Amino acid sequence: MTPHRITDLAGFNTAREAGLAKLLPPRPRIAVGMGTCGSGNGAESVYHAFSDAIAGRGLGFALSRVGCFGCCAEEPLVNVWLPGKPLVILRRVQASDVPAILDDLAAGRVPEEIALAQIEEWDHITAHIKYGNGYPGIPSWDEVPFFKGQRKIVLRNCGLISPDDIEEYLAVGGYQGLYKVLMDGNPDAAIEQIKAAKLRGRGGAGYQTGIKWEMMRKARAERKFVICNADEGDPGAYMNRNEIESDPHALLEGMIIGGYVMGAEEGIIYVRAEYPLAVHRLQLAIEQARDYGILGDNVLGRGFRFHLQLVEGAGAFVCGEETALIRSLEGRAGRPTPRPPYPAESGLSGYPTTINNVETWYNVAPILVKGPAWFTETGSPKSPGTKVFSLVGKVQATGLVEMPLGTPLKTFIYDVGGGGIHGRNIKAVQTGGPSGGCIPQDMFDTPVDYETLAQIGSIMGSGGMVVMDEDNCMVDVARYFIEFTQSESCGKCVPCRVGLDKALYYLNKFTRGEATDRDLALLDELSRMVRDTSLCGLGQSAPNPVLTTMRHFMHEFEDHIRARRCRAGVCEELALSPCENSCPLHMNIPRYLQLLKEDRLEDAFLSVAIDNPLPASTGRVCQHPCENRCRRATRDESVNMREVHRYITDMAFELPGYAKLLERLAACRLPPTGKKIAVVGGGPTGLACAFYCALLGHEATIYDANPKAGGMLRYALPEYRLPKKVLDRELDIVWSVGVRFVGPVKVPGELSLNDLDAQYDAVFLAIGTWKESWVYLPGTELSGVRPALPFLEGVAKGETPALGSRVVVIGGGNAAIDSARTALRLGARVTIIYRRERKDMPAIPEETEAAEAEGAQIMFLAAPHRIVGNPDGGVQAIEVVKTRLGEYDASGRRRPVPTDEILRVECDSVILAVGETVDQDFAKASGLKITPKGLIEVNRYTLETSRPKFYAGGDLITGASNVSNAMGYGKKAARFMDEWLMGERRWERIFPVWEYDQTAPPRASASRRHVVTEIAPAERAQTFAEATRGLTAVEAMEEACRCLRCDVRNGHH
Amino acid sequence: MPNRVSIRLDGEYIRATRGQTILEAARANGKFIPSLCAMKGLHPVGACRLCVVEVAGVGRLLPACTTAVQDGMSVTTASEKLRHYRRMILELLFAERNHVCAVCVSNGHCELQALAKRLGVTSVRYPYAFPRLEADLTHPRYVLDHNRCILCTRCVRVCSDVEGAYVWDIGARGVQSRLVCELNVPWGQSENCTSCGKCVQACPTGALAEKGFAAEEMTKRLEPIARLASSRGGRI
Amino acid sequence: MSKARVATVWLDGCSGCHMSLLDIDEAILALAKKADLVYGPLVDAQEFPEEVDITLVEGAVSSQDDLKLVQKIRRRTRLLVSLGDCAVTANVPSLRNSLRPHDLLQTMYVHRVDADPSLPGDGAPPLLRRAVPVHEVVPVDLHLPGCPPKPDAILLVLGEALEGRRPELAGKVVFG
């Protein structure tokens, strides 16, 4: 590149033509995305592989380095271009891919299988580049979900031109804005344009740039400074780094224009020293601009003098605050000073100074070239234009996204980001870095602009957007950000220096489970004080993460205080391991796995049974939340914990000493207390509660409407999932500790709540949800329409209902799948109709797959429309409306929207499995407080109802749930009833202590998870015999060995 | 422009001079606004935040020591919220370091202690940090005891603005901030210190004291510094 | 009317606050008509009694024994008053807080002792890591700072509390 000084339009155009010839050469061109992000993912070696191969094979292709196109999740990105064809962006290119790519290009092809997108033409705002047409098989860039809806103004050149070549910048209309402004020679008019565009400071505060510039222009002084604040320091934010690395000249252009219109001859870029690549490229850009006469004593030959200097900041976060930044430039410690005086009056060394963020400068040239009216077309009326966000955290597609201001949060998270990873539920998004706040998922309709974010307690900040899901503890998130600001506080003012330190003290107390309600109040009061009284923006905004998490996630703070639980499993001191933490029964899972591993089956069984009195049932039908959290899944697959405790239990049943084992269990009982507890409902909730009440030394009696105990386990779960003889065998565990069962007896009815009140010291209500929800649907009165629960109960009791040959099941939960598989076994052909997608089904995925293997058809995205009757009053067919996926709803799933398409499915029976509810007659008759949803209202920590002495748990307080959740409530109720009855905490005393190995496995070599053996579908669908065979002894042992022992703590080594 | 303005302070009209801060105007009129870092004769820094006041029409609290008066301004100096916040700030100062008043040379003559009494502090709601801090005894005449320093920077400013010796500065940051002598050398090794003692007199607590005094014996005199500063054209 | 039950306790402090209490001079006679002193260094009771109306706690919480006693006092007392700076701020006892208890004992009982240097043995209550104010371990109803608090202030507190009123001390006492 021979520099030629530009002094007139001809010179300008010559340089421009030279650049265009490089961008669109008459031969194939390869450009490797080499921002820090790309290089970190191996782009350096990709570049060198291309370079060597092109030279080695004498291909004569053009090769260059470009910045980043923004799609971080797909790095390294490589652009390939064949003359006359679209530019194609290749994703995840490795050095080993290079020979094949070159083969393709040499043959006039592009490797479509690794293509992310193609660009036929590109709007550089200041210019328009036409690459060409073709490649019907590759999506256009704006069809890729990640880019859809993005509007690239700031990032107009990023990833497309070489940051190291000023001519390429000139080729895409660079320095045209500067040229125009200098030619016009009317700085006031230029400032008017910035004002009319309503450009607002992109550093976060959102102050009107034009007004700031006007103030500066009016200031009279012998020296004036324009400064670019490139001291980007928010955790998770890297948009400025990428902008500079990809397109440094756009920053220079903005600053030179700013200098000219404000009357400043000196510019300073204050950039973090931790951004070496950005520093390097800026230095190069400044040198080139000098060589081309764009910086210096005679800018573009128009007689304007402007010099630009680069200063590297040492990385103190507070230096992002403008007065601290100025102090730092003056060579003093970076501590803010009070405003006024504002920098526009007295800034660097006392001279008028304007400081703008990197992104603000990037918007200057486009506004001046295209005009303010063009600019205000994008974005919202009060906040026009776009903003670049770094979308990071728990979304599938991370990266830099430039969106119009005012775009709702959900567009960022679900459309651009593609929603949660591994199907996890997204909980919140944190905007604005450590000065910002957390916005909960139910507020994702919020448009992202300065005012709206401020109203809900957050800020736009520099544009960081950290997405959090159910694995993030919001208390820990608040603690993390306060730890950051506490260590970055400059220490000048007392509230920020000492206040944040004390706030961190309280937050640490929360994460250790040691905090009290008083600490919560002190933290709240302290946060407000720090916010209201601190000297600078750092202290004033530092409490935002605490205040917003307290506002939107108070229940998590309360969990940490009252239940000493961290639901997300982040706060280590509050959880043994992720599996234990997510288990509603809080089973010590690593312990039984280890005991089995040590070949101590009896101990393993006792460990399981003392934690979970129905281990054989839960071993078969639990929803296994433990496995969703298992850390082994990050290595290969989660440990099959559920099936191991099924194995342990099934083996223990067969031991000759089983009765002796139960005696050992009964020996854990505390001495009799003389207290009597009634448990209403003999399902899993009631059984668990009674078991623990008995262990605590109380007399526990279960009342149930059925003749036998088990509830839904016995009367709703089909035999092929849970054989009744297994249930009977395991109930001995509950009986062994002295629980009494009385049934059938109706409560209330044969026995009133008042009777129980009179006869017992405490009463636990756990009658579950036996009422099937009904849907309004024409035709439900027909004789072949039946609700799922009575159907399953009938079959469980030995009835054979006449279903006919074709059955339709409506619903997507476990009851729907159970009904379908039961109907199959009764000889019917079965179709399941579900209104959402497969991934939205609440049923256990393995069950759904098993049903399909057995021949059930599933029709997704279909909602029942009406049931068509036959002349006999029976069912003839069902009509369903096809649905399509609409907007995201509050649950983070896309709402099904009906279409015009109606399908007809011929059938003889319809089974409705759309959910179960609490029997409202019972709820009303109980005289207890009811929630708006018709559930019994309880204190969520102690399970006390509105009536003294009465506790409630299970489905009665949650609505239909699952067996382990239900049992968890029973277990918890026992603990709190005991505490209330005895006036002290005795819970821990019933659990024996086992000595076992406390070392973590040295390494985890990859090993597949063992699963149960399924009986062949054709065979099992004929019979109600159990459909799976449990793990073998070897499999169970190997599975136990796969545990990574997250429960082992440092110090045990 | 008239040089005199009038402002309302807690409902009462007072006269002030253009260019004065709210704090200066209040003091000139015998009105009390608590502060620790502000000192007559030194440029204000707005660090202790005790002097924050409410100004009608302004959404946030403003420090009286750095906010200039404006004609017609209406200022509230002691709302319930302000009193509450000020007590919290004082308590934070007490909790930050080891102010064991009973054995302090300035006990009974300490501005921090006097403000605590005046603002009604009877205990500290925050946990005491009890940091391990040194006392610098290397200077022949004076002592620097970090245990009692509240980082108000009066010593820093009196040394630079009035004495012109630039001995003191603040090192490190956040709760780790410490008063440092020159480039963090023991005071006794200072090359610039003139041993004038202005920093000792300016110190509101017992952090800087003269040697040879026992508990409760050290009193400070601020008036001469203010006179000296004004004679050199400093702020009044 | 039955008399109120008042206790005083001396934790890690110099007993100066108790001296100040005695300095209320003849006013004690009037108090004696309204209250019985049921526990403290000034009376002979061995075990802290149940159902105490007012307890004045002097001294910082410095040892395991202090901690247990003050927790018991909290359970058995209606109005718990931190009496004096050691109870309110940990004051002089907190001067040792930057040292680990073991190092502290080594220094005081071994290194700086000529005759028979040895660490305190059985019977000496183990020190807490730090001497802390009373309200850092149990909730305190009223703080009466001062080193020692003035007799007038003590009299005010007792007088008001015995009348069932909550004494207002803000601005009347020196803090720190």
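**View 1. Chain B, its secondary structure and overall fold.** In this predicted model, the secondary structure of chain B amounts to 6 helices and 10 strands. The C-alpha trace of chain B spans about 50 × 45 × 30 Å along its principal axes. A compact globule of 236 residues would have a radius of gyration near 18 Å, and chain B agrees with this because its own value is 18 Å. Of the 236 residues of chain B, 50% count as buried. Among contacts in chain B between residues at least 6 apart in sequence, those joining residues at least 24 apart make up 65%.

**View 2. The hairpin of β28(A) and β29(A) in chain A.** Strand β28 of chain A covers residues 875-888, and strand β29 of chain A covers residues 894-906. The two strands pair in the antiparallel sense, over 9 bridges. One bridge joins R884(A) to its partner V897(A) in β29(A). Between the strands of this hairpin lie 5 residues. In the hairpin, G892(A) takes a positive phi near 80 degrees.

**View 3. The contact between chain A and chain B.** On the chain A side, 22 residues are in contact with 25 residues of chain B. Three helices of chain A, α17 (474-488), α18 (494-511) and α19 (517-533), each supply at least two residues of the side that touches chain B. Which helix gives the most to this side of chain A? It is α18(A), with 8 residues. By class, the side of chain A that touches chain B has 11 nonpolar, 6 polar and 5 charged residues.

Definitions and conventions:
Residues are numbered from 1 along each chain as its sequence is written. Chains are lettered from A and ligands numbered from 1 in the order in which they are written. This is a predicted model: local features need pLDDT of at least 70, side-chain atom pairs count only at pLDDT 80 or more; totals for chains, interfaces and linings use all residues. Helices (H or I, at least four residues) and strands (E, at least two) are DSSP runs, numbered from the N terminus. The radius of gyration is taken over C-alpha atoms; the globule rule is 2.2 Å times the number of residues to the power 0.38. A residue is buried if 20 or more other C-beta atoms lie within 10 Å of its own, exposed if 12 or fewer, and partly exposed in between; C-beta atoms are placed from the backbone. Two residues are in contact if their C-beta atoms, placed from the backbone, lie within 7 Å. Two strands pair if DSSP finds at least two bridges between them. Ala, Val, Leu, Ile, Met, Phe, Trp, Tyr, Cys and Pro count as nonpolar, Asp, Glu, Lys and Arg as charged, and the others, Gly among them, as polar.
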